[in-house]
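Below is a short briefing on one protein model. Look over the sequence and the structure, then read the points by topic.

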Amino acid sequence: MVRGVIFDMDGLMFDTERLSSFFWKQAGDEFGTEIPAEFIDSFRGRNPAAIRELFLERYGADFEYDSCRERRQKLQYEYIEREGVPLKKGLLRLLDYLEGQEIKMAVATSTERKLADTMLERAGVKRYFDAFIFGDMVERSKPYPDIFLKAAKELGVPIQECLVLEDSIAGVEAGKAAGGYIIHIPDLIVVPEEVKEGITAQFDSLDEVTEWIENN
């Protein structure tokens, strides 16, 4: 029985992974550094500290990572203020269903608190959630399960009675390691079959999650 649902955010709730890629590339260009798509894909789902480490490994200790990240964030903030936050198919229907069933909900995103909070507010969905765990609130990034375990604790629901919804490789690995139910909803990145081995289910969109919960 599912008593809590833990949502990833980018690529799962919001169609923002494309935005992130675009603005990382733009920020890199402004700093005179090419940031290729395959490198961006390699850190999807990871928290700011883990991403920083990957950048410095690739570009060297002299790379102005913090300034580049701040520029990428500013570009994304400005876009969101102008255009709003693009929602993934089925999100609002699922949130309304869970609210009606009095199933607790948490956001567990590797995105840092300030940007994530801005997107949740701008999208008009923050009110649905009982707990928020951001990437700068845990030391170990996905694929470690820490963020999901912390979210379950904040909800007051055993992780074994929580459903984790994820799209990224690191997120699916973290969800499996956490020990609850884990459903994969594909986004930009193809999650290898060996990573998906042992997951609860895979659906094309959030629209299908409601029926699964009703039957489980």
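Arg140 sits in the loop between strand 3 and helix 7. Helices (H or I, at least four residues) and strands (E, at least two) are DSSP runs, numbered from the N terminus. The model is predicted, local features need pLDDT of at least 70, side-chain atom pairs count only at pLDDT 80 or more, and totals for chains, interfaces and linings use all residues. Residues are numbered from 1 along each chain as its sequence is written, and side-chain values use heavy atoms, with hydrogens and water left out.

**Two arginines**

- Arg140 is partly exposed, with a relative accessible area of 40%; buried means under 20%, exposed over 50%, and partly exposed in between (1.4 Å probe, protein chains only).
- Apart from its neighbours within four places in sequence, Arg140 is in contact (heavy atoms within 4.5 Å) with Asn47 and Asp146.
- Arg140 and Ile159 are 19 residues apart along the chain, and their C-alpha atoms are separated by 18 Å.
- Arg69, found in helix 4, is buried, with a relative accessible area of 18%.
- Leaving aside neighbours within four places in sequence, Arg69 is in contact with Trp24 and Glu112.

**Helix 7**

- Helix 7 covers residues 146–155, and its buried residues are Ile147, Phe148, Ala151, Ala152 and Leu155.
- Seen down the helix axis, these buried residues fall within an arc of 135°, so they line one face of helix 7; the arc is that of the directions from the axis to the C-beta atoms.
- An α-helix has 3.6 residues a turn, so residues three or four places apart point the same way.
- The buried residues of helix 7 pack against strand 1 (4–7), strand 2 (104–108), strand 3 (131–133), strand 4 (162–166) and helix 8 (169–178).

- Six strands form an open sheet in the order 3-2-1-4-5-6, with parallel pairing; two strands pair if DSSP finds at least two bridges between them.
- The edge strands, strand 3 and strand 6 (201–202), each pair on one side only.
- Strand 1 is joined to strand 4 by four bridges, and the two run parallel; Ile6 stands opposite Val164 in strand 4.
- Four bridges also join strand 1 to strand 2, again running parallel, and Val5 has Met105 of strand 2 as its bridge partner.
- Three bridges pair strand 2 with strand 3 in the parallel sense, and Val107 has Phe132 of strand 3 as its bridge partner.
- Strand 2 is mostly covered, with four of its five residues buried.

**The cavity**

- A search of the whole structure finds one cavity of 30 Å³ or more. On a 1 Å grid over the protein atoms alone, a cavity is a set of points where a 1.4 Å probe fits but cannot get out, and lining residues have an atom within 4 Å of a point.
- The largest cavity has a volume of about 310 Å³, a volume being the space filled by probe spheres set on the points, which are joined across faces, edges and corners.
- Its lining has 27 residues, of which Asp10, Ser20, Arg46, Ile51 and Thr111 lie nearest the centre of the cavity.
- The elements that give two or more residues to this lining are helix 1 (17–30), helix 3 (48–59), helix 4 (65–83) and helix 6 (113–123).
- Helix 4 gives the largest share of the lining, four residues.

Methods: 1 Å grid on protein atoms, 1.4 Å probe; cavity = no way out; pocket = protein on both sides within 12 Å on 5 of 7 lines; lining within 4 Å.
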